[in-house]
Amino acid sequence: GVTAEEANFPFDKALNCVAFRNWVSNLDNRFVVKKLNFQSIDMFGPRVGYFKMKADVEDCHGVALPGISFVKGSSIGVLVILKCEGKEYTLLTLQPRFPIGRFGFPEIPTGAVDASGHFAGVAAKQLKAVTGIEIADSELIDLTELAYGETFPGMVPSAGGCDESVRLFVYTT
């Protein structure tokens, strides 16, 4: 069964959001989910931002497995290499990142993936929004595709507790 710890939990929004639908579609059938409990949800206006869930889950032999998941969905990152007078520079943004306790954390431009799943288009839009650099999605090199083909949607930095995959691109001037 599916339960929630919060009164008035928005099951309709949680169960129908892109991140949850993708999580369900990727769920390997060797996992035996006995119970799924939504522990919390964070809304970004009218849409689901993140949620935390805990499952009673076993493998196909009945061995209990860790079942805590922080679900946020896919994102993109773009390594921008700027060439100027024979030298190469990378473009970093400084972002306040409370989870790691750093206010001005340097990182490549990143962003969440929208419901379209069109990674390159989202990356190009995010790059323009963050840096003002306007490019065509055809100018991006998809490093994730080069590394994994179509096997994975991106690199997974914390697979032991979070579903986030980051599709990486590079753009060179």
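Predicted model: local features only at pLDDT ≥ 70, side-chain atom pairs only at ≥ 80, totals over all residues.
**Entry 1: a word to start with**

I call a residue buried when its relative accessible area is under 20%, exposed when over 50%, and partly exposed in between.

**Entry 2: the whole chain**

I looked up the overall figures next. The protein chain has 173 residues, and 30% of them count as buried. Its secondary structure comes to four helices and 12 strands. Taken along the principal axes, the C-alpha atoms fill a box of roughly 60 × 35 × 30 Å. The accessible surface is about 10800 Å², and carbon and sulfur atoms account for 56% of that. I also checked contacts between residues at least 6 apart in sequence: 50% of these join residues at least 24 apart.

**Entry 3: the nonpolar cores**

Which residues of the largest nonpolar core touch the most other members? I found Cys 17, Phe 20, Leu 36, Phe 38, Ile 41, Phe 51 and Met 53, out of 15 residues in this core. The elements giving two or more residues to this core are α2 (18-26), β2 and β3 (47-58). Of these, β3 gives the most, with five residues.

I then picked out Ile 41. Leaving aside residues up to four places away in sequence, Ile 41 touches Glu 6, Phe 9, Pro 10, Ala 14, Val 48, Tyr 50 and Phe 51. There is also a second, separate core of 13 residues, and among its members are Ile 76, Val 78, Val 113 and Ala 123.

**Entry 4: helix α2**

Is Ala 55 buried or exposed? With a relative accessible area of 11%, Ala 55 is buried. I found Ala 55 in strand β3. Not counting residues up to four places away in sequence, Ala 55 touches Val 33, Lys 35, Leu 36 and Gly 67. I also checked Ala 55 against Phe 152: they are 97 residues apart in sequence, and their C-alpha atoms are 23 Å apart.

Val 33 sits in strand β2 (residues 32-44). Its relative accessible area is 36%, so Val 33 is partly exposed. Together with Leu 27 and Phe 31, Val 33 forms a nonpolar patch on the surface, with about 220 Å² of accessible area in total.

**Entry 5: salt bridges**

A reminder to myself: side chains of opposite charge can pair when their charged atoms come close. How many salt bridges are there in the whole structure? My search gave eight.

I looked at Glu 58 and Lys 34, whose closest N and O atoms are 3.9 Å apart. Glu 58 lies in strand β3 and Lys 34 in strand β2, so this pair ties together parts that are 24 residues apart in sequence. Glu 58 counts as partly exposed, at 23% relative accessibility.

Next came Lys 72 and Glu 164, whose side chains meet at 3.4 Å, N to O. This pair links distant parts of the chain, 92 residues apart: Lys 72 is in the loop between β5 and β6 (74-84), and Glu 164 is in the loop between α4 (143-148) and β12 (165-172).

Glu 88 forms a salt bridge with Lys 83, with closest N and O atoms 4.0 Å apart. At 56% relative accessibility, Glu 88 counts as exposed. I also found Asp 142, Glu 150 and Arg 167 joined into one network by salt bridges that share partners.

**Entry 6: Lys 128**

My last stop was Lys 128, in helix α3 (residues 119-131). Its relative accessible area is 42%, so Lys 128 is partly exposed. Beyond residues up to four places away in sequence, Lys 128 touches Ile 133 and Glu 134. Lys 128 and Ala 14 are 114 residues apart along the chain, and 30 Å separates their C-alpha atoms.

Technical notes. Residues numbered from 1 in each chain as written. Heavy atoms only, no water. Patch = residues over 30% accessible without salt bridge, like charges linked within 9 Å, V, L, I, M, F, W, Y side chains within 5 Å. Areas by Shrake-Rupley, 256 points an atom, 1.4 Å probe, with all protein chains shown as cover. Buried < 20%, exposed > 50% of the residue type's maximum accessible area, 1.4 Å probe, protein only. Core = buried A, V, L, I, M, F, W, Y, C linked by side-chain atoms within 4.5 Å. Contact = heavy atoms within 4.5 Å.
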